[in-house]
Amino acid sequence: MPPPDDMAELERALSRISHLLSRAKEHDRTIDEAGVAVDRASAPFLRALADASAPLRLGELATLLGVEAPHVTRQVQRLERADFVERVPDPDDRRAQRVRITAKGADAVECIRAVGRRWMSDALADWSDEDRHRLAALCHRMVDDFLRFGAERRESDRGRPA
């Protein structure tokens, strides 16, 4: 039997990781341990805003997360009601607004991340420091390459006639 195709194995591994990280029961358990009330759909929004160096326009947030604008609007409204985010004036356009995370939202993200780090630390306890560092570096490299490739594809698609 021939060895497995590297790309097929990588796709399989990434699918398994995606499934593992997006399971509703795991999210609920993490949220319970973290002691914050954040639904599964809102968590990526809070993480993105926590990582942003400045408040984001709704369109920027949609692009960053790869979702449609109406979804962003609904999530931001939900997060505003919970006092996790707030809208602020856009300094470049007085008619527009940006969204930033509040202190309560930043605390919630840190609590969620702390539970995730503890879970990973326990799960990878038998791994060497070198293997964990190498895994993190390769994951960052892969995501950076995926993002760069996706941006290049979008740019090339813009140049094509419709």
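**Overall architecture and local features of the predicted model**

From the N terminus onward, the elements of the protein chain follow the order α-α-α-α-α-β-β-α-α. The structure is a predicted model, and its chain holds 7 helices and 2 strands. Along the principal axes, the C-alpha trace extends over about 65 × 50 × 25 Å. Of the 162 residues in the protein chain, 21% are classed as buried. The accessible surface amounts to about 12,100 Å², and carbon and sulfur atoms account for 54% of this area. Among contacts between residues at least 6 apart in sequence, 47% connect residues at least 24 apart. The charged side chains comprise 28 positive and 30 negative ones, with the centres of the two sets 4 Å apart.

The two strands form a hairpin, with 2 residues between β1 and β2. Strand β1 covers residues 85–90 and strand β2 covers residues 93–101; the strands run antiparallel and are joined by 6 bridges. Within this pairing, E86 is positioned opposite R100 of β2.

Residue Q75 belongs to helix α5, which comprises residues 69–81. Q75 has a relative accessible area of 4% and therefore counts as buried, the cut-off being under 20%. The side chain of Q75 makes a polar contact with that of S42, at 2.6 Å. When neighbours within four places in sequence are set aside, the residues in contact with Q75 are D39, A41, S42 and F45.

Note on methods. Residues numbered from 1 in each chain as written. Predicted model: local features only at pLDDT ≥ 70, side-chain atom pairs only at ≥ 80, totals over all residues. Heavy atoms only, no water. Pairing = 2+ DSSP bridges. Helix = DSSP H or I, 4+ residues; strand = E, 2+ residues; numbered from the N terminus. Buried < 20%, exposed > 50% of the residue type's maximum accessible area, 1.4 Å probe, protein only. Polar contact = N/O pair within 3.5 Å; in protein donor to acceptor, adjacent residues only side chain to side chain. Contact = heavy atoms within 4.5 Å. Areas by Shrake-Rupley, 256 points an atom, 1.4 Å probe, with all protein chains shown as cover. Lys, Arg positive; Asp, Glu negative; His and termini not counted. Charge placed at Lys NZ, Arg CZ, Asp CG, Glu CD.
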